Amino acid sequence: MNDTVVNLVSILSQLPGIGSKTAQRIAFYLLKNPDLGQKLTTAITGALKNLHLCPNCFNLADRETCPICADTSRNHKL
């Protein structure tokens, strides 16, 4: 394997539940299906850019607070 593939496999194997053999399978699948790889790249980049943890409940949010915590009709003491 060349260095680029080794690096991809190494990074994929850092994901929870993904061992080196599964990481190899995913890497080769993505290389055989470049459209899917590009969609995955776009989805990950968008999530990293637009999502963060709500400071109140640690739910994922795309604004300052998540929609649940931002709901003014909700009893925030509960």
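Author: Leaving aside neighbours within four places in sequence, V9 is in contact with S20, A23, Q24 and A27. The model is predicted, and the description below applies to that prediction.

V9 also belongs to the largest nonpolar core, which has five residues: V5, V9, L12, A23 and A27. Both α1 and α2 supply at least two residues of this core. The largest share, three residues, comes from α1.

Helix α1 covers residues 3-12 and helix α2 covers residues 20-32; their axes come within 8 Å and cross at roughly 125°. An angle over 145 degrees would count as roughly antiparallel, and 65 to 115 as roughly perpendicular, so the rest, this crossing included, is oblique. The crossing of α1 past α2 is right-handed.

On the α1 side, the contact is made by V5, L8, V9 and L12. On the α2 side, S20, A23, Q24, I26, A27, F28 and L31 take part. Sorted by type, the residues of the contact of α1 with α2 are nine nonpolar and two polar, with no charged residue.

The C-alpha atoms of S10 and Q24 are separated by 8.8 Å, and the two residues are 14 residues apart along the chain. Q24 is also among the residues in contact with V9.

Methods: Residues numbered from 1 in each chain as written. Predicted model: local features only at pLDDT ≥ 70, side-chain atom pairs only at ≥ 80, totals over all residues. Heavy atoms only, no water. Axes fitted to C-alpha atoms, helices over the stretch in contact; angles between N-to-C directions. Helix = DSSP H or I, 4+ residues; strand = E, 2+ residues; numbered from the N terminus. Parallel < 35°, antiparallel > 145°, perpendicular 65-115°, else oblique. Left-handed = near helix turned anticlockwise from the far one by under 90°. Contact = heavy atoms within 4.5 Å. Nonpolar A, V, L, I, M, F, W, Y, C, P; charged D, E, K, R; others polar. Core = buried A, V, L, I, M, F, W, Y, C linked by side-chain atoms within 4.5 Å. Buried < 20%, exposed > 50% of the residue type's maximum accessible area, 1.4 Å probe, protein only.
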